[in-house]
Amino acid sequence: MESVADGAKAKVREWTDKHKHAVLYDEPESTFLDVASGKRVKIAWRDLTTWEEKLHPETRDAYVVLLFEGGRQLALVDPGGIAFAPSTENSEPVQNLPPV
């Protein structure tokens, strides 16, 4: 039986193979490289709780959302690369923020 992480890894490989201009995936190191910013993100697959494939509202292209323990989310989207949930750590509370 395929685990949640195995299914997510397969979808991530498929998505990043089609969107190398946005995000690169180093599978042995479990890292993403956001091409536009040069930022690397290490993934702890053991902390993954679920994942979803969604459609971008403007481009109608598929994107992948990874959901981790503790409520952390990360999305692989084109255009955009790696998207994170908004942070309000250094700001006043903001109403109706999207999760990612």
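User: What percentage of the 100 residues in the chain do buried residues make up?

Analyst: A residue is called buried under 20% relative accessible area, exposed over 50%, and partly exposed in between, with a 1.4 Å probe and protein chains only. Here, buried residues account for 37% of the 100 residues. The model is predicted, so local features need pLDDT of at least 70 and side-chain atom pairs count only at pLDDT 80 or more, while totals for chains, interfaces and linings use all residues. Residues are numbered from 1 along each chain as its sequence is written, and side-chain values use heavy atoms, with hydrogens and water left out.

User: How many helices and strands are there in the chain?

Analyst: Helices (H or I, at least four residues) and strands (E, at least two) are DSSP runs, numbered from the N terminus. The chain has one helix and seven strands, in the order α-β-β-β-β-β-β-β along the sequence.

User: Which residues of α1 are buried?

Analyst: They are A5, G7, A8, K11, V12, W15 and T16. Seen down the axis of α1, these buried residues fall within an arc of 155°, so they line one face of the helix. The arc is taken from the directions from the helix axis to the C-beta atoms.

User: Which strands do the buried residues of α1 pack against?

Analyst: Contact means heavy atoms within 4.5 Å. The buried residues of α1 pack against β1 (23–26), β2 (31–34), β4 (48–55), β5 (62–68) and β6 (73–77).

User: What does T16 touch, not counting residues up to four places away in sequence?

Analyst: T16 lies in helix α1, residues 4–18, and is buried with a relative accessible area of 4%. T16 touches V23, Y25 and L76, with residues up to four places away in sequence left out. Its side chain also reaches the backbone oxygen of V12 at 2.8 Å.

User: How many residues of β5 are buried?

Analyst: In a regular strand the side chains alternate between the two faces of the sheet. In β5, seven of its seven residues are buried. A62, V64, L66 and F68 are on one side, with Y63, V65 and L67 on the other, and both faces are covered.

User: In which sense does β5 pair with β4, and over how many bridges?

Analyst: Two strands pair if DSSP finds at least two bridges between them. β4 and β5 pair in the antiparallel sense over seven bridges, and E52 stands opposite V65 in β5. The two strands form a hairpin with six residues between them, and R60 in the turn has a positive phi of about 65°.

User: How many bridges join β5 and β6?

Analyst: β5 and β6 pair over four bridges in the antiparallel sense. The bridge partner of L67 in β6 is Q73. Their hairpin has four residues between the strands, and G70 takes a positive phi near 85°.

User: What is the bridge partner of L74 in β7?

Analyst: The partner of L74 is F84. β6 and β7 (residues 81–84) pair in the antiparallel sense over four bridges. Three residues lie between these strands in their hairpin, where G80 in the turn has a positive phi of about 135°.

Terms used:
Polar contact = N/O pair within 3.5 Å; in protein donor to acceptor, adjacent residues only side chain to side chain.
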